[in-house]
Amino acid sequence: MFIKAVNLTKIYRKGSSKIVAVNRVNLEVKNGEFIVIVGPSGSGKTTLLNLIGLNDYPTSGKIFIDGVDATMLSKRERRKIRLLRIGFIFQTFNLFPTLNALENVELPLALAGKSQMEQRERAIKLLKSVGLADRIFHRPRELSMGEMQRVAIARAMANNPEVLIADEPTGELDSETSREVVGLLSEINRKQKATVIVATHDERIVRVASSVYRIVDGKLSLE
Ligand code: ADP
Ligand code: MG
């Protein structure tokens with residue numbers, strides 16, 4: 001997938017005040033790149049990732065997916081891209097608390113119309129690949145933070161997306177667990193040739209990136 005942001009801008013209005021969270025960002029992400037976006041808290045990282053991941057609409061500017069203007073697509077087409085072509089990983093995992101690890105990973109496969117058998121086989125394979133073969137029936141609260149993030153990675157990879165977007169994926173993790181998560185992201189990028197886009201403060205992630213950008217007050221620049 002080739003992603004291109006042109007003058008991407010997101011303005012939040014609260015009463016009479018106005019926050020320019022993402023300010024005329026231009027960015028090109030080619031297939032197979034590993035992009036890292038660093039910046040202080042409140043600088044617009046989450047807002048930018050949500051725009052790139054089609055979770056949100058820009059106030060102005062455009063985002064192109066393989067040359068197609070994503071702001072012009074229907075809700076249904078955007079949802080399909082999010083489900084099948086983009087995996088999203090959140091800082092606080094966002095797993096469903098009532099579902100076990102296996103069911104959390106099966107969910108996007110079910111939404112994609114895979115049979116029960118395909119869902120189960122694929123979910124088990126994914127959980128094995130992140131080292132959780134012996135945790136598949138555990139619910140999120142029965143898992144450590146690192147294990148929850150690994151379930152979230154497995155879930156994000158369920159439909160074999162072309163792009164994996166991760167918002168401060170090691171923000172809640174200790175250094176040993178962070179190292180494992182960085183290893184997984186790097187492996188997904190190298191072996192599965194997935195594009196990886198990560199917002200982070202983590203120096204270890206910066207080291208494995210193919211390009212590093214900095215965002216300050218919504219303005220993005222190449223490091
Ligand atoms: P980061 O992820 O780098 O910490 P965010 O993208 O979350 O930054 O936020 C960027 C700016 O936009 C911050 O000033 C934040 O307070 C503001 N902001 C984020 N989301 C909203 C929202 N839904 N409504 C109003 N302001 C928001
Ligand atoms: Mg954030």
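Which residue in S4 is the bridge partner of Val6? Keep that in mind while we walk through this predicted model, starting with the sheet.

Four strands are involved here: 4 strands make up an open sheet, ordered S2-S1-S4-S5, with antiparallel pairing. At the edges stand S2 and strand S5 (68-69), each with a single partner strand, so one side of each has no neighbour in the sheet. S1 and strand S4 (residues 60-65) run antiparallel and are joined by 5 bridges. This brings us back to the opening question: the partner of Val6 in S4 is Lys62.

Now let's turn to ligand 1. Strand S1 (3-14), strand S2 (17-29) and helix H1 (45-52) each contribute at least two residues to the shell around ligand 1. H1 gives the largest share, with 3 residues. Among the residues around the ligand are Tyr12, Lys14, Ile19 and Ala21, along with Pro40, Ser41 and Gly42. By type, the shell divides into 4 nonpolar, 6 polar and 2 charged residues.

Some of these residues place polar atoms by the oxygen atoms of ligand 1. For Thr47, a polar side-chain atom lies 2.6 Å from a ligand oxygen. Backbone atoms take part too: a polar backbone atom of Gly44 is 3.1 Å from an oxygen atom of ligand 1, and a backbone N or O atom of Ser43 lies 3.2 Å from one. Taken alone, ligand 1 exposes 570 Å², and the protein buries 65% of that.

How values were computed. Residues numbered from 1 in each chain as written. Chains lettered and ligands numbered in written order. Predicted model: local features only at pLDDT ≥ 70, side-chain atom pairs only at ≥ 80, totals over all residues. Heavy atoms only, no water. Near = heavy atom within 4 Å. Polar contact = N/O pair within 3.5 Å; in protein donor to acceptor, adjacent residues only side chain to side chain. Areas by Shrake-Rupley, 256 points an atom, 1.4 Å probe, with all protein chains shown as cover. Nonpolar A, V, L, I, M, F, W, Y, C, P; charged D, E, K, R; others polar. Pairing = 2+ DSSP bridges.
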